[in-house]
Amino acid sequence: MPHARLPQAVLSALALSLAGLATPLAATAEPLFTTYDAESSATVDSNPYAEMIRALTANERGRTLVAYDVAHAQALPFFSDYADYLAAVPVEQLNRDEQLAYWLNTRNFLLVQAISEERRVRGYKKKRGTPSDPGAFWTEKRITVAGTALSLQDIEQDILFAGWDEPNIIFGLYQGVRGGPSLPQRPFTGADVHDKLAEAAARFSADTRNLRVRGDKVRISAYFDWYLPLAYDNDETALRAHLATLVQPKHQDLVRTNAKLDRRNFSTEFEQYQARQAN
């Protein structure tokens, strides 16, 4: 169904939710990003983000598409308020799983916000660049947490991949392009972040355009090469070990050691929901 306006009930709910976000836990002077509280049960409120995504997206062929024209017209104030809330969260007071969920959600949210702020997204491929050669869109500072200004690239490179030995992170990173992982339909939480990343990995690899074993040949999306430096430390053995976890057991040895990996280009075409005329 075409998006016309954010439902008033959702707008009201967002306003109420965001109003309560003004005073999160008090931040401390402890170093950020490397420290955590293993005993903490504190959580980050992702409900407003979930409501935004629910109101601004449509599911099409298994992918979550954002109606960026609607977001630009109606949702920017809510994005701004929630970004302020995220910036004030004392990350060092969270446990490690809650931190991982926070950084994944923050990174994806900031990308949706950044795209929404542009009336028209032109030259997105150049703006995006690649993880090893990011464009200006990825290197612009978009949030300041505990006095540290961060870009999308900073969050990916210096926080997520530097802090967690979790290769499935690449499947939780929305790219805004048709060949990358889809935007998660729901925010990650500390309680489910590893399970949700595994589910995202299964969805991505189930598409034969991304991963296919046929006979003694293995074809993979070049998306994996995008993150070879960050997720696999430029080590194809590590890439193969990860790929082996994504295929059927009978193919694991082939993928891990024997088969040549053929790369398939993935679509870097910008992806969004646009209202279509009904047939």
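Which residues touch the most other members of the largest nonpolar core? Let us find out in the views below.

This is a predicted model, in which local features need pLDDT of at least 70 and side-chain atom pairs count only at pLDDT 80 or more, while totals for chains, interfaces and linings use all residues. Residues are numbered from 1 along each chain as its sequence is written, and side-chain values use heavy atoms, with hydrogens and water left out.

**View 1. Trp103 and Phe224 in the largest nonpolar core.** Trp103 and Phe224 touch the most other members of this 83-residue core. A nonpolar core is a set of buried Ala, Val, Leu, Ile, Met, Phe, Trp, Tyr and Cys residues joined through side-chain atoms within 4.5 Å. Buried means under 20% relative accessible area, exposed means over 50%, and partly exposed is in between (1.4 Å probe, protein chains only).

**View 2. The contacts of Trp103.** Leaving aside residues up to four places away in sequence, Trp103 touches Phe33, Val91, Val145, Leu150, Ile155, Ile159, Leu160 and Trp164. Contact here means heavy atoms within 4.5 Å.

**View 3. A salt bridge between Arg54 and Glu51.** Side chains of opposite charge can pair when their charged atoms come close. A salt bridge is a side-chain nitrogen of Lys or Arg within 4 Å of a carboxyl oxygen of Asp or Glu, and the structure holds 14 of them. Between Arg54 and Glu51, the N to O distance is 3.0 Å. Both residues lie in helix 2 (residues 47–56), three residues apart, or about one turn of the helix. Helices (H or I, at least four residues) and strands (E, at least two) are DSSP runs, numbered from the N terminus. Arg54 is exposed, at 52% relative accessible area, whereas Glu51 is partly exposed, at 25%.

**View 4. A salt bridge between Glu271 and Arg63.** These two side chains meet at 2.7 Å, N to O. Glu271 sits in the segment after strand 9 (261–264) and Arg63 in strand 2 (residues 63–66), so the pair ties together parts 208 residues apart in sequence. Both Glu271 and Arg63 are buried.

**View 5. A salt bridge between Asp154 and Lys141.** Here the N to O distance is 2.6 Å. Asp154 belongs to helix 7 (residues 152–163) and Lys141 to strand 5 (residues 141–145), so the pair ties together parts 13 residues apart in sequence. Asp154 is buried, with a relative accessible area of 15%, while Lys141 is partly exposed, at 48%.
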